[in-house]
Amino acid sequence: KNPQMATIGSISAVPPDAIFGLLAKFKACTAETKVNLTIGAYRDENGNPMVLKTVRKAERLMLDDASLNKEYLPITGDVAFVRAAQELALTAPIVDNLGDRLRSVQALSGTGALRLAFELLRVAGESLVLLSSPTWGNHKNIVKASGHRVGSYRYFDESSNALDLDGMLADLEAAPDGCVVVLHACAHNPTGVDATIEQWARIRDVLRAKKHVALFDVAYQGYVSGSPELDGAALRLFAESGDDMIVCQSFSKIFGLYCERAGACHVVMSDSDAASGAERANAAHTQLARISRASFSNPPAHGARIVARVWNDATLRAEWLAELRGMAERIEGMRKSLRAELERIGAGGSEHSWQHITAQRGMFAYTGLSEDTVAHVVDKHAVYMTSAGRISIAGLNESNVAYVAEAFRDALATVKQQ
């Protein structure tokens, strides 16, 4: 008997990914009125995927650039891209001020950056990682796969559809010292509920008192306000506070580079001792390089070169910022349209408030619909959304928003009667 074959043969199946499973059901659905509000990918007014004009321009420039080749990138990534990623996340002045206490590597988008970060933390031993309740569905998978324990902290108040700051702070204070706390820098996924800068300062103070390590997941910087700088306020607050932090950054949404897997993992070490901070950051950098080499050897070049080309060209950067602002404004506009239509038709009854739809920010909205209500929306109306009631606002447009609102109204009325 071959031991290796016995091991392979004993592997059990696991359920498909919930989000991509919904996407497969949507694609198989034959209803002409079907609407996809599941996956977090931007769609234009006609419901189609959109390649940014600045991305096309950068690709044409790259095609004509004879200096580019198909050689391996350094293990830690494209140097120009890594610097661009640092500046976008933190701004150039802060990057310069941090100096060697900031070290970064290119990653396979945000998911890959998170895996690198948790593998880095695993070098120091098993950690208790605290995730917001709720959080992005893949966070728990990545944490567990990296050998850490998963905990949680209160975040979303279902009664008000708003941030439960008191519950969050209480849970962070009650946790053992030295946990890793995963924070969404902006456009919280799945709730769309963000802390104010004043609230972020209170969160930072608790993390510092408890010696927790802040790990920021940054996938939507610019999708809230249209400005990466405004949306990066929490990152700058923590970086300038002088504490250890990790930033896991994705360019899938803000550049529309979903399949290019462009991302970065940044490590900032505390400034209690500048020399030791730089030394510890360098040690982390060498470990990240080792983990990258053992995982995928070298990161892909194409998406990284697009980002670097756009960021380092003043004209292209201005055009990209305008496109990013346009995407954010369309999403914000659809929030307002959905709320207005829900209120116009009286979805949920006269006492039902839809104010949270416009109070939440970014790509997603937590509708507050129950699992039974969502099942009715999906099964009867072919409006696809997660069972938790999360919708991607980017999937709405002027031609389907009224249909979606009516699907919500009908489902709420039907389930209430059952």
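This is a predicted model: local features need pLDDT of at least 70, side-chain atom pairs count only at pLDDT 80 or more; totals for chains, interfaces and linings use all residues.
Residues are numbered from 1 along each chain as its sequence is written, and side-chain values use heavy atoms, with hydrogens and water left out.

Let's start with helices α8 (residues 165-174) and α9 (residues 197-210), whose axes come within 9 Å and cross at roughly 10°. That makes α8 roughly parallel to α9 (angles under 35 degrees count as roughly parallel, over 145 as roughly antiparallel, 65 to 115 as roughly perpendicular and the rest as oblique). The axes here are lines fitted to C-alpha atoms, for helices over the stretch in contact, and the angles run from 0 to 180 degrees between N-to-C directions. Helices (H or I, at least four residues) and strands (E, at least two) are DSSP runs, numbered from the N terminus.

Which residues of α8 and α9 make the contact? On α8, look at Leu165, Asp166, Met168, Leu169, Leu172 and Glu173; on α9, at Gln199, Arg202, Ile203, Val206, Leu207 and Lys210. Contact means heavy atoms within 4.5 Å. These residues divide into 7 nonpolar, 1 polar and 4 charged, with Ala, Val, Leu, Ile, Met, Phe, Trp, Tyr, Cys and Pro taken as nonpolar, Asp, Glu, Lys and Arg as charged, and the others, Gly among them, as polar.

Within α8, the buried residues are Leu165, Gly167, Met168, Leu169 and Leu172, where buried means under 20% relative accessible area, exposed over 50%, and partly exposed in between (1.4 Å probe, protein chains only). Besides α9, the buried residues of α8 pack against β3 (128-133), β4 (149-154), β6 (162-163) and β7 (180-184).

Follow β7 onwards and you reach the loop between β7 and α9, which holds Ala187 and also Pro190. Ala187 has a phi near 50°, positive even though the residue isn't a glycine, and at 2% relative accessibility Ala187 is buried. The peptide bond from Asn189 to Pro190 is cis, with omega near 25°. Most residues other than glycine have a negative phi, and most peptide bonds are trans.

There's another cis bond from Ser133 to Pro134, with omega near 5°, and Pro134 sits in the loop between β3 and α7 (137-145). Lys211, in the loop between α9 and β8 (213-218), is not a glycine but has a positive phi of about 60°. Lys211 is exposed, at a relative accessible area of 61%.

Now for the rings: the structure holds 11 aromatic pairs (rings of Phe, Tyr and Trp, its six-membered ring, pair if their centres lie within 6.5 Å; planes under 30 degrees apart count as stacked, over 60 as edge-to-face and the rest as tilted). One of them is Phe26 with Tyr384, edge-to-face at 5.7 Å centre to centre and 80° between the planes. Phe26 lies in helix α2 (residues 18-28) and Tyr384 in strand β12 (residues 383-384), so the pair ties together parts that are 358 residues apart in sequence. Both Phe26 and Tyr384 are buried. Elsewhere, ring pairs link Phe81, Phe251, Phe255, Trp311 and Trp320 into a cluster.

Last stop: His376, in helix α16 (residues 371-381), is buried at a relative accessible area of 17%. Its side chain makes a polar contact with the side chain of Asp410 (2.9 Å). A polar contact is a pair of N or O atoms within 3.5 Å; within protein, one must be able to donate a hydrogen and the other to accept it, and residues adjacent in sequence count only if both atoms are side-chain atoms. Leaving aside neighbours within four places in sequence, His376 is in contact with His381, Asp410, Ala411, Thr414 and Val415.
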